[in-house]
Amino acid sequence: MSLILKNTTFVHWETLDFSRGHIKVEEGPDGSFTFYKDFGEVDISPEDEVVDCGGKLVTRSFAVGHHHTYSALARGMPPPAKTPENFLEILKYIWWNLDKALDRDSVEASALATAIACAKAGATFVIDHHASPNFIGGSLELIAQAFDKVGVSHLSCYEITDRDGLDKAAKGLEETERYLRNNQGLVGLHASFTVSDDTLSKAVGLMQKYNSGIHIHVAEDEYDQQQCMTEHGKRVVERLHDFGVLESSKTILGHCLHLTDTEHEIVKNSEAFIVQNTESNLNNNVGFFSSKGLGNRIMLGTDGMHSDMIRSAQAAYFVGQSKDEIDFRSAYDRFVMVHNYLKVNKFSGDGDNNLVVLDYDPPTEINQNNFLGHFIFGFSSRDVQHVISDGRLIVKDKKVCRVNEEEVMEFAREQAEKLWKKL
Ligand SMILES: [Zn+2]
């Protein structure tokens, strides 16, 4: 069975060319599609599904460069016993409290809810960074199964850290190795300030053994740099560079807010990609991202705050007006850079047969020349009508097709209630 999108206005995600016609989508990982000007030329079998996309825009679906499945059940949770006064206290009182309370069921509920939110916001690929210190073994496989059920492709890692003791660090390394043996994935590290030289060295060993990359938070707050200088006598990027972290084009550096010019230069001249998470930085009051001197391998993420990549791109643009060098084109380039990251590193699940159909009906004309103005000021995840992942519909008429959303949400709310009682 093939999927046929009839009467589309197709927008090429790189050239922004507009073409009217019909699309026959190939099914399966890393597939493609065929474009027809004339519907009469489309080779249709009786079992094929034809979806009329008249008046709608069709383009490449989205991908999330940095997500945290584990925070899905945090929305509306009770406030911490003590109000955090700085970044380290935000981690200690909120996030490290939440992730320790996660068990098998709540991780599964978090992953299903996250995958549904991503799919409905037009994302068919998610790069996730997971932590559940009291349910480490098997957590990555469980998340993978949840994402597969919804139909969203993934590149996961477990957040290895010494923050809960060396036993948990060892379990994180074990879980990473078990997962990388059979799956595409990354080696996750929390951040330089919670990782000893020994753990960092073991993580890089796994990265090299499985030809993977490191996914780590870098200088999200000034504290990361202060701790690194005190403990190791060097800056965070210098430390990562010395250990070989930056030698892989699969490596992802999250945030990169508090870097010196020398560190910018090291990152720019390395193979690593950067992922910017504007709204999370605003929420944690840790500073502002600037692309100056960092090169152009910059992607966007949501940092677990939500699953809406259009919102992440618009936030990067607006906040960047006073804090960054960013225009319509560079905001869009960062939005789609994740596709380049996945392609150059030959990860599976982000082929040309990943598409989104947008029901976008602006009061002004939209064309190749002003597409980016509409992208920044007009587009919204609410416009996502259908989503095609690996050639198959995973969202049709704004509803997920492959899992029962009501049942998942009921399960998620049950798990959230149980989780919140443990906080
Ligand atoms: Zn993060």
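**Close-up 1. Strand 15 and its partners in the predicted model.** Let's start where Leu-358 meets strand 16: its bridge partner there is Val-384. This is a predicted model, so keep that in mind for every view here. Strand 15 and strand 16 run antiparallel and are joined by four bridges. Strand 5 (residues 57-60) also pairs with strand 15, again in the antiparallel sense and over four bridges. Leu-358 turns up in that pairing too, as the bridge partner of Leu-57. For strand 15 (residues 355-358), both faces are covered. Leu-355 and Val-357 sit on one side, Val-356 and Leu-358 sit on the other, and all are buried.

**Close-up 2. His-386 in strand 16.** Moving along to strand 16 (residues 384-389), we find His-386. A polar atom of the His-386 side chain lies 3.0 Å from the backbone nitrogen of Asp-397. Leaving aside neighbours within four places in sequence, His-386 is in contact with Leu-355, Val-356 and Val-357, among others. The contact list also includes Val-51, along with Leu-393, Val-395, Lys-396 and Asp-397.

**Close-up 3. The zinc site.** Here the zinc ion is coordinated by NE2 of His-66, His-68 and His-217 plus an OD atom of Asp-303, at 2.0 to 2.2 Å. The angles among the four donor atoms run from 92 to 160 degrees, and the site is irregular. Along the chain, the donors follow the spacing H-x1-H-x148-H-x85-D. His-66 belongs to strand 6 (residues 62-67) and Asp-303 to the loop between strand 14 (298-300) and helix 10 (309-323), so this pair ties together parts that are 237 residues apart in sequence. Both His-66 and Asp-303 are buried.

**Close-up 4. Helix 6 and its surroundings.** Helix 6 spans residues 222-232, and its buried residues are Asp-224, Gln-225, Gln-227 and Cys-228. Looking down the helix axis, the buried residues fall within an arc of 165 degrees, so they line one face of helix 6. An α-helix has 3.6 residues a turn, so residues three or four places apart point the same way. The cover over the buried residues of helix 6 includes strand 10 (187-191), strand 11 (214-218), helix 7 (236-243) and helix 8 (261-268). At the start of helix 6, a side-chain oxygen of Asp-221 comes to within 2.9 Å of the backbone nitrogen of Tyr-223. After helix 6 comes Gly-233, with a positive phi near 65 degrees.

**Close-up 5. Glu-177 on helix 4.** Glu-177 is part of helix 4 (residues 166-182). With a relative accessible area of 18%, Glu-177 is buried, given that the cut-off is under 20%. Setting aside neighbours within four places in sequence, Glu-177 is in contact with Leu-206, Lys-209 and Tyr-210. Ala-203 is 26 residues from Glu-177 along the chain, and their C-alpha atoms are separated by 9.5 Å.

Conventions: Residues are numbered from 1 along each chain as its sequence is written. This is a predicted model: local features need pLDDT of at least 70, side-chain atom pairs count only at pLDDT 80 or more; totals for chains, interfaces and linings use all residues. Side-chain values use heavy atoms; hydrogens and water are left out. Buried means under 20% relative accessible area, exposed over 50%, partly exposed in between (1.4 Å probe, protein chains only). Helices (H or I, at least four residues) and strands (E, at least two) are DSSP runs, numbered from the N terminus. The arc is that of the directions from the helix axis to the C-beta atoms. Contact means heavy atoms within 4.5 Å. A polar contact is a pair of N or O atoms within 3.5 Å; within protein, one must be able to donate a hydrogen and the other to accept it, and residues adjacent in sequence count only if both atoms are side-chain atoms. Donors are N, O and S atoms within 2.8 Å of the metal (3.2 Å for Na, K and Ca); water is not among the atoms, so sites may look incomplete. Four donors count as tetrahedral if all angles lie between 85 and 135 degrees; four count as square planar and six as octahedral if opposite donors are over 155 degrees apart and all others between 65 and 115; anything else is irregular. Two strands pair if DSSP finds at least two bridges between them.
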